[in-house]
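Here's a quick walk through the pockets and charge pairs of one protein model. Have a look at the structure first, then read on.

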Amino acid sequence: MRFLIVSFDGLRPDLVAPDLTPNLCRLQAQGITLSNHRTVYPSETRSAFPSLVTGSTTSRHGMVGNIYVDRSVTPSRYIDTADAVLLRKLDLESGGRLMSTQTLGEILASAGRSLAVLATNSPGTTRFFHHKAEDFGHVRLSGHFREACTPDDLLAEAEELVGPLPPKPPSTKPDKAGQDWITSAFLDVIWPKYRSDVTVLSYGEPDLSSHFHGTGAEVTRAIIAHCDRQFGRVLDWWEAEGRAEGVQIIAISDHGHITGHTQVSVVERLRDAGYRPGTAPAPDVDVVVVPGQVGALYLPDPSDERIARIVATITGEPWCGPVFTRAKNDIEGIALGSLGSHLVFIDHVRAPDVSFCFRANDSVDPFGLVGGTFYENSRRAGLGVHGGLHPRELVALGVVAGSAFPGQGAVSVVPSGICDFAPTILHLLEIAQPESMTGRVLTEVVEPGQKAAPESRSEAFDAGLGRFRQVLRRVQVGASTYIESGTAEW
Ligand SMILES: [Zn+2]
């Protein structure tokens, strides 16, 4: 049995439809759709994909955001995990502890199996799918970035057969050539030559187009259709050959998107409130505001009192959504009004002192898509963002198909999440699952009808300060917990 995970970065499952994505619909007709499927918090690419390959929440793997402040060194430093070369350096410097848990690639390697990666995401994201591939002689190919590729001779062979690596287009242009290149590299080189036990084929779109043109924009819809056509080539191969060779297909996305409606500058607002904020550690900075759609504040002196003071400041702002600080007890954070960061599974040593979401609501954007939010970036309103706890950010695509998943055209309503795929794959390959994994084996799709569907249990937590009120909703299945939403209002 082999596995092919095909990922569509940032694809909202409500955009999967016969006119736009006929090939994903063709897969759904042959497999099982996970209709109650979610990503982790923060709903950012470089937290979610580490969760895919570690089968665990952010708190376990430690990639707490696309960007974080590393306080394990003095002075503390700024880490942008889009940089594949930096990630390798950090892993070597830390004795292999860039991620705090074992990854699928390492586990497969110890069992004598292999993981291959082909991706058009950023160099850092591409490395995250299998950050130690070079240590095991495994394959990792980027559709654009040589520094993320290994081994060199395979890249040379792929370029000879498929053509030279296409340059990354500017962010405002949809990335078509990269998707075509990795699809061909899989079909013409990796599958025929390596037959890896598990392959990740990751399309970096429609995320980029959603960020720069809007989630429902024509440009974005066109790149979704383009990625779906590339996936159609894969599906043709699967129906002709792959399925008979025991290949299971898992189609996923890593998060959704909602639409920014009102721009804010957290740095300016904190400066107005009397702080000395900066976007990177510096001697005169008393609060580091990590840029991005998931609010992350790091204090040089993170005393309980200072954390409480800054939480009191931001919860008085109209753009402030759910807020998390380190736990005071089972529910609350140390700052009044905040919930404990353990409730959203970000309680890792690298986590910010204050993590917050921008306030989101169920407004409908110009394309008719539900989900609007305050946002912080230099782009205009009306474009896609993600990172927070709105249900449309957390909801993700999940479709499984192949002989291991009996039930053609079925829909599973049992809650599931991105952490569940690694345990499920290991279970089917009869490889022991490490205790670090917080995900579960998706027994309801692996053995449907064998047992009663697992039961789920909903729970809610709230906290408030003054007029500010926040509610976090989660659902549990067995020992796994999925985050459904976080809202705040006053
Ligand atoms: Zn993403």
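Predicted model: local features only at pLDDT ≥ 70, side-chain atom pairs only at ≥ 80, totals over all residues.

## Ground rules and salt bridges

How many salt bridges does the structure hold? The count comes to 26, where a salt bridge is a side-chain nitrogen of Lys or Arg within 4 Å of a carboxyl oxygen of Asp or Glu.

Residues are numbered from 1 along each chain as its sequence is written, and side-chain values use heavy atoms, with hydrogens and water left out.

Start with Arg474 and Glu459, whose side chains form a salt bridge at 2.8 Å, N to O. That pair ties together distant parts of the chain: Arg474 belongs to strand β24 (residues 468-477) and Glu459 to strand β23 (residues 456-465), 15 residues apart. Strands (E, at least two residues) and helices (H or I, at least four) are DSSP runs, numbered from the N terminus. Both Arg474 and Glu459 are buried; buried means under 20% relative accessible area, exposed over 50%, and partly exposed in between (1.4 Å probe, protein chains only).

Next up, Asp135 and Arg88 meet in a salt bridge at 2.8 Å, N to O. Here too the partners sit in distant parts of the chain, with Asp135 in helix α7 (residues 133-136) and Arg88 in helix α4, 47 residues apart. Asp135 has 44% relative accessible area, so it is partly exposed, whereas Arg88 is buried at 18%.

Arg77 is partly exposed at 25% relative accessibility, while Asp70 is buried at 8%.

## The largest pocket

What volume does the largest pocket have? It is about 850 Å³. Pockets are found on a 1 Å grid over the protein atoms alone: a pocket is an open set of points where a 1.4 Å probe fits, with protein on both sides within 12 Å along at least five of seven lines, and lining residues have an atom within 4 Å of a point. Grid points are joined across faces, edges and corners, and the volume is the space filled by probe spheres set on the points.

The lining of the largest pocket takes in 15 nonpolar, 15 polar and 8 charged residues. For these classes, Ala, Val, Leu, Ile, Met, Phe, Trp, Tyr, Cys and Pro count as nonpolar, Asp, Glu, Lys and Arg as charged, and the others, Gly among them, as polar. Helix α10 gives the largest share of this lining, 4 residues. Domain 1 (2-257 + 392-446) and domain 2 (265-318 + 320-358 + 459-489) both contribute lining residues, so the largest pocket lies between them; the domain bounds come from an automatic or database domain assignment.

## The second largest pocket

The second largest pocket has a volume of about 280 Å³. It is lined by 17 residues, and Tyr68, Asp70, Ser72, Ser94 and Arg350 are the closest to its centre. Two or more lining residues come from each of β4 (67-70), β5 (77-80) and α4 (84-93), and β4 gives the largest share, 3 residues.

By class, this second lining has 7 nonpolar, 4 polar and 6 charged residues. At least three of its residues come from each of domain 1 and domain 2.
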